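Visitor: I would like to learn how to read a protein model step by step. Could you take me through some features, with the general idea ahead of each case?

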Amino acid sequence: MSAPGKDKPWTELARTAALRAEEIAPDEQRQLLAIEVAGGAYALPVECVREIVRLRSTTPIPRAPADVRGVISLRGEIVQVVDLRRRLCAEPSEPTRRSRIVVVQSEDAGVAGLLVDGVREVLRIGQGDLMQPAGGEAGMVSGLCRRGAAFVSIIDLERVLDLHAGS
Amino acid sequence: MATRRPRQGRRTKADREFVSEAEEILEAMRAGVSDLGDRCGANHGSDPELVNRLFRSAHSLKALAGMFRFDPIQDLAHRLEDVLDGLRLDRVALDASLCSLLEEAVATFAALLERVGDADALASFEAPVSQLTQRIAELIAAPRKKDDVLARLDVDPSLLRALTEYEEHRLRENVRRGRHIALVDATFEILAFEEGLSELTAAIREHGELLSTLPAPGEAPESQINFSLLVASDLPAQELGAALDFPKASVRAALTADRAASAPASAAQSAVDEPAREGAAPPEPSALLDHAGELESLRSISDTVRVDIRKLDELMNLVGELVIQRGALGELTARLCESAATARLGGELAKVHKALERKLRDLQSAVLDVRMVPLRQVFEKVARVIRRMRRELGRDVRLELRGADTELDKLIVEALVDPLMHVVRNALDHAIEPPEERRAAGKDPEGCLAIDALQRGNHVVIAVRDDGRGIDTRALRAHAEERGLVQPGEVLSERETLELIFAPGLSTRDSVTETSGRGVGMDVVRSNLAALGGVVDVESTPGRGTAITMTLPITLAIIQSLIVGVGQRRFAIPLSSVLETLIMERSAIQRSEGRELLDLRGEPLLLRHLAREFALEDPEPEKVYVIVLGIGEQRLGLIVERLHGQQDTVIKPIQGPLATLRGIAGATDLGDQEPVLVLDTSAIVDDATRRREVT
Amino acid sequence: MPRILIVEDSPTMRALLASALEELEGSVKIAEAASGFEALRLLPRERWDLIVTDVNMPDINGLELVSFARGNASYRNVPLIIVSTEGSERDRARGLELGADAYLVKPFEPGELREIAAQLLAQRRARKD
């Protein structure tokens, strides 16, 4: 059933695959959700992302730290929303039509919403694509990777949501 | 390859490819069917390899026809597959009628293949094909001639179909050895199932062999996933369930002898008449006896229905939303009644609305009733933990549990586990002294922990009492002063001092609480309970013991709340804490010792401004509302700007990184998608009565 | 752009399958799951146009994955190719029974996989229109 001419024999494919396999340790291939915060490019591990919703009525929580914007109702579930811009860059958010709330599931903090300025795409990166963070982002970034020519900061979700540890 | 010519011109390339491959398969089938016919005629019995090959051919044909979308051929192949499957699993007997049926099927296939490319001709074959499939169906439905292990399993057929050959072999092997086969069902969140599932499978492996894991969509397919695990064990299902100690999983026996009884009588007869099946003979008759006991218990629970708690949650949510909509309907009705033009219509609508309200309350009660479960499971879990901890702590504690039959909403019971466990651990950790110390104090070296549950009206009171050291109020106070929660020299009553254990930041990082887990303090217990609409109290006598009392509403979901407004915001106050509501002129506020008070029928009522509590803008209007809150003996007048009325609300916990939200018990959605925060009245009252100044 | 999910525990095999499918006409988006469990987690995240799965995997086997997918309204109609390993013809047969659209027995040519994949994807497109 093979169409002649279109085939790369397995040997050739195997060679390229082997090269890939070298770079990628079996369970290190990761998928990241690329997002935009205050004009910067960031990313979240896709396993933590539950869903992405548009902005909606947020009820502020009295006497809560400024980083927590408030709570939203998500199909009946009440979820806190963290202003990621504030958290990462100490700038208050200015929501636009492109802003979104990324609903994440964290080990320690449970379900939470992250207010971001925009959501881009899902990136696939391998172990070899990961780099150490450049510093200067209040310790909330666990690493860097590339998206084309630009650098993308990979967010350490547990740190971001650890509101009691200071920022 | 194709030797038939008619209408070939109409065939597409795909058609031709299909026909060519199909004819190869058919050729193999023809040969196989013919062989089978020979064996049948010579009374040689079936040949498994042959039947298997035929089965595979039917498969391939079906798959092929499926890929090329030739429905009639696919249908027929499917039926054939069924009957051949039955044949190879010994569910269908090899006899003359089967053989002739197979021959006819092959002939029909050939005829169909001839007509590929000619839609009309194919259509004309519909009737004979359906007749054939009918006869095949009848053959399959005929009483089973031989008893098969797989047939005796009371599990969803889809579980059996997904077994690999090896898994099936393991299953048969275990049954042959007379082991119990159980079905364990558990539902998890899609995002986090692996952890829970591996915990469960690890537990299963300790008690038996995990034969197969089948995932299925959960009740809410987007977020849940259900796993059905087939387990072989020496323990019967109920014991296995107890041994697993996994409250989320349901365990039931999968191998029942009474299945034979429910199939047509002839099958039951033959099961007894033909015990001598290869490899499975010995256990069968005794297996029937072994399972007799299980049979009894299975029958006795047959008049209850096992319902997934998620279904109940959904049901409850729906009822909750219905209630909210009814509320909205009520408002509209009221408006209609007010306007002269629509008053009459409004009046009629009001009658209907009233009837709806009654029925809805009935529905609410009925659903809530279904959700009620006894505290027994929680108690058992506590007992297990204590048994485990006894070894760790090296001291013996007698556990007395009373009121296990007391019923609560299942959600509350589930949410109760954590706070209860924490309180119990606290007691074991530092309340109950080591045996030497106890003896020296003249106490029984074995400490006693008693958990009492009883129903009081709309509430259930759960008291955890220990006969240990009691709370060291001096140390507690010293701690509190250290943390700045209490000013040195500040006068605190005994009760107020005890209440300090609930202060946030006090009981957390001490070494004292190391065995209690992650340093979760009593403040979290209090807020956990507050989220359920409950309160917690403490009493203690030094040297004699401590009693922690938790009072919870019997039902969670729908609670009447008072909706109040301050500035731009709205808040909900559970009506159960509201004693009365007053309108007051600002000038009526009296000041004394840095507190604001109101003279309420001769008694001073401590006042608090909700706006200031929550650091909101306070426009300070002339006339305000005072919500008189009562928690236990304490009273507080909460000043708010507006009253929006009463509403049925469903209080939901607030999820997220902020762990404690002081003064907030949860949030509710009033139907307009904008969450409204629900006040933790006991925390607010407590806060106010402890503090002296108005901040 | 068609979204393809590959479920296969052997990393090399996975890479091979991915490479083969990347050569499909037009562009495709390929996601990989290294186990049945990972597949279960990935399934609800996207609207998949094709799933290619191995049978023998440690946690849940490919048959169970097929059964799960077919039992769920969201994935009932997603084309499914089973890539079966050595040995069990019965498993292969069961896979089809459970609702897989096609099966391939290793070893097979990359072109075969591509052809079947292309066909199933085309059928899916046609049904959508």
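Guide: Let us begin with a pair of helices, where a helix is a DSSP run of H or I of at least four residues, a strand is a run of E of at least two, and both are numbered from the N terminus. Axes are lines fitted to C-alpha atoms, for helices over the stretch in contact, with angles from 0 to 180 degrees between N-to-C directions. Here the axes of helix 3 (residues 71-88) of chain B and helix 4 (residues 96-114) of chain B come within 11 Å and cross at roughly 165°. Helix 3 of chain B is therefore roughly antiparallel to helix 4 of chain B, given that angles under 35 degrees count as roughly parallel, over 145 as roughly antiparallel, 65 to 115 as roughly perpendicular and the rest as oblique.

Visitor: Which residues of helix 3 of chain B and helix 4 of chain B meet?

Guide: Two residues are in contact if their C-beta atoms, placed from the backbone, lie within 7 Å. On the side of helix 3 of chain B these are B:Pro72, B:Ile73, B:Leu76 and B:Leu80, and they meet B:Ala105, B:Thr108, B:Phe109 and B:Leu112 of helix 4 of chain B. The residues of this contact divide into seven nonpolar, one polar and no charged, where Ala, Val, Leu, Ile, Met, Phe, Trp, Tyr, Cys and Pro count as nonpolar, Asp, Glu, Lys and Arg as charged, and the others, Gly among them, as polar.

Visitor: Before we go on, what kind of model is this, and how are residues and chains labelled?

Guide: This is a predicted model, in which local features need pLDDT of at least 70 and side-chain atom pairs count only at pLDDT 80 or more, while totals for chains, interfaces and linings use all residues. Residues are numbered from 1 along each chain as its sequence is written, and chains are lettered from A and ligands numbered from 1 in the order in which they are written.

Visitor: What pLDDT does chain A average?

Guide: pLDDT is the predictor's confidence in each residue, from 0 to 100. Chain A averages 77, and 77% of the residues score at least 70. Among the elements of chain A, the lowest mean pLDDT, 49, belongs to helix 1 (residues 10-23), and the highest, 91, to strand 7 (residues 110-116).

Visitor: How do the strands of chain A form a sheet?

Guide: Two strands pair if DSSP finds at least two bridges between them. In chain A, five strands form an open sheet in the order 8-1-2-10-9, with mixed pairing. Strand 8 (118-125) and strand 9 (141-147) of chain A stand at the edges with a single partner strand each, so one side of each has no neighbour in the sheet. Within chain A, strand 2 (residues 40-45) and strand 10 (residues 150-155) run parallel and are joined by two bridges, and A:Tyr42 has A:Ser153 as its bridge partner.

Visitor: Which strands pair with strand 18 of chain B?

Guide: Strand 14 (residues 578-585) of chain B pairs with strand 18 (residues 623-631) of chain B in the antiparallel sense over seven bridges, with B:Val578 opposite B:Leu629. Strand 18 of chain B also pairs with strand 19 (residues 634-640) of chain B, again antiparallel over seven bridges. In the hairpin of strands 18 and 19 of chain B, which has two residues between the strands, B:Gly632 takes a positive phi near 60°.

Visitor: How many residues does each chain bring to the contact of chain A with chain B?

Guide: Chain B brings 21 residues and chain A brings 25 residues. Two bridges join strand 5 (residues 77-83) of chain A to strand 21 of chain B, and these strands run parallel.
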